[in-house]
Amino acid sequence: MIFVYISILVLIGGLMVCARILKPSLPTTENGYSRVFLAPAAQICVWLDKVLDRKYLGSSGTSRRIKDQKLSSDLRTLYPGDSAQARMYRYRAELISTILLILAAGSAACILMSVLVTNEGVLEEGNVIYRNAYGGMDVEADLSAGMAGEAEEEEYQIDLTIPARVYSHEEADELFEGLSEAVDPLLLGDNDGPDHVIRNLRLVRSVDGYPFSISWECSNYELIDYDGVIHNEDLEEPVIVTLTADCSYLNEHWYLVRDLQVCPMELTPMELRRTEIEKAVKEADEESSSSDRLILPEQMSFGTVRWTENLSDVSPMFLMGTLVISVLMIPFRESEIRGTLKKRSRELLIDYPAFVSELTLFLGAGMSVRNCLIGMGRKAAQRKAGRSNTYLEKELIITAHELEIGISETEAVEHFGKRCGTREYMRFSALLTQNMRKGSQDLIAMLKDESEDAFTLRKNEARKLGEEASTKMLLPMVMMLAVVMIIIMVPAYMSFSQ
């Protein structure tokens with residue numbers, strides 16, 4: 001898998017080299033974290049435009065054209081002062097550069113994770129595991145034994161624990177007392193208990209943390225041999241077998257006696273192979289106890305064993321997550337734009353009553369509509385330092401600029417209503433343009449009525465926002481209630497159980 005990760009990085013590097021050679025025009029972007037990938041993103045945009053233009057010659061691209069037109073319209077609404085084509089190009093370049101950044105970072109992380117997992121392995125040279133030095137930790141190995149040369153390979157999972165080379169006398173003296181409890185789970189292995197032994201026993205020669213050797217004696221070697229293998233293929237009834245463990249260290253002996261009931265069981269061919277492999281590994285472990293390495297056996301009665309180590313490499317899943325996140329970036333950015341449009345409409349609605357009241361006040365003072373809009377636009381342009389313009393102020397600045405360069409009042413007001421896009425502003429622009437074209441003496445009275453209606457809408461919007469806030473608080477309140485119930489009920493339940 002590491003070659004896949006490197007291939008992704010090489011592909012991104014190739015795109016950067018192509019962009020450096022072809023030198024596409026770079027848009028001005030605000031995303032500094034992905035600016036390093038802006039050039040290849042711009043080159044990809046150029047290639048996509050060529051490919052998509054060819055695809056759109058048929059009917060299959062009609063839906064995509066409509067979607068692009070809708071997105072372009074949304075961007076033109078959000079950024080009224082910019083060119084729609086330039087803003088669309090910038091949007092695509094920012095999106096692709098962000099995706100390239102995610103892919104590059106994800107691939108680099110996958111490479112690092114694969115290298116770390118590979119370095120954690122203990123199996124070397126195919127079938128060699130090195131022991132830790134004096135006083136070190138046990139070596140844990142999760143291995144798979146596969147049959148070399150077979151058409152259909154079978155994998156046998158083998159978990160190994162290789163102890164350190166030597167233990168001190170002082171540690172052995174302190175840990176003899178806990179030997180009885182430590183031996184039982186190791187001895188039984190996969191069996192349910194001493195009264196129901198159906199699988200091979202683990203006649204351990206040593207126990208982790210106990211620096212002495214153990215030798216076993218059995219009362220019935222026909223059922224349990226020296227290695228703990230259960231020979232119960234022909235057994236018809238349960239038989240009690242006594243195992244005696246001679247624990248020796250420094251010429252001193254401690255004895256453990258265990259009565260086990262061996263029950264009939266038939267082993268499958270796979271279980272027989274697994275048992276033989278485990279037996280061979282234990283023999284190799286005993287023979288190499290004084291060596292710094294354990295050489296795993298390869299030749300068995302049923303064939304040649306190929307050893308591989310099971311490493312938990314999660315980098316492929318991480319790469320899949322990276323790809324999913326990269327794909328989800330496209331609808332996420334589009335939904336972000338829709339959310340920004342909704343926020344813009346709500347902000348315009350909130351500012352509408354104050355805007356109509358201010359304009360009515362200026363008109364009542366004897367100013368013309370042209371001078372009112374120009375004055376409000378200049379006032380918005382002279383904002384305080386550190387405060388960005390609201391959406392309404394941006395539209396007023398554009399309207400004032402249109403009036404200053406010679407566009408008629410009627411067209412400027414119509415453009416203002418269309419750019420705002422909400423029903424209230426379109427009704428307001430229709431009211432002003434109708435007055436300019438046909439003339440009316442009741443303009444101020446109509447604007448006052450519009451202002452009162454706007455304040456009513458503003459109150460309804462505030463009430464709606466309050467209801468939404470209370471609804472959003474419902475989930476945190478339910479979660480807090482659950483936490484309080486747990487805090488109250490858990491101690492009560494524990495006191496009742498005691």
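This is a predicted model: local features need pLDDT of at least 70, side-chain atom pairs count only at pLDDT 80 or more; totals for chains, interfaces and linings use all residues.

Biologist: How many aromatic pairs does the structure hold?

Modeller: Ring centres have to lie within 6.5 Å to pair. By that test, the count for this structure is 7.

Biologist: What is the geometry of the pair formed by the rings of tyrosine 352 and phenylalanine 428?

Modeller: These two residues are both buried. Their ring centres are 6.5 Å apart. Planes over 60 degrees apart count as edge-to-face. The planes here stand at 85°, so the pair is edge-to-face.

Biologist: Which helices do phenylalanine 355 and phenylalanine 416 lie in?

Modeller: The two rings form a tilted pair, 5.7 Å centre to centre with 45° between the planes. Both residues are buried. The pair ties together parts 61 residues apart in sequence, because phenylalanine 355 lies in helix 8 and phenylalanine 416 in helix 11.

Biologist: Is helix 10 roughly parallel or antiparallel to helix 11?

Modeller: Their axes come within 10 Å and cross at roughly 155°. Angles over 145 degrees count as roughly antiparallel. Helix 10 is therefore, relative to helix 11, roughly antiparallel.

Biologist: How many charged residues does the contact of helix 10 with helix 11 have?

Modeller: On the helix 10 side the contact includes Glu395 and Glu402, and on the helix 11 side it includes Glu409 and Arg419. By class, the contact has 7 nonpolar and 2 polar residues, and the number of charged ones is 4.

Notes: Residues are numbered from 1 along each chain as its sequence is written. Side-chain values use heavy atoms; hydrogens and water are left out. Rings of Phe, Tyr and Trp (its six-membered ring) pair if their centres lie within 6.5 Å; planes under 30 degrees apart count as stacked, over 60 as edge-to-face and the rest as tilted. Buried means under 20% relative accessible area, exposed over 50%, partly exposed in between (1.4 Å probe, protein chains only). Helices (H or I, at least four residues) and strands (E, at least two) are DSSP runs, numbered from the N terminus. Axes are lines fitted to C-alpha atoms, for helices over the stretch in contact, and angles run from 0 to 180 degrees between N-to-C directions. Angles under 35 degrees count as roughly parallel, over 145 as roughly antiparallel, 65 to 115 as roughly perpendicular and the rest as oblique. Contact means heavy atoms within 4.5 Å. Ala, Val, Leu, Ile, Met, Phe, Trp, Tyr, Cys and Pro count as nonpolar, Asp, Glu, Lys and Arg as charged, and the others, Gly among them, as polar.
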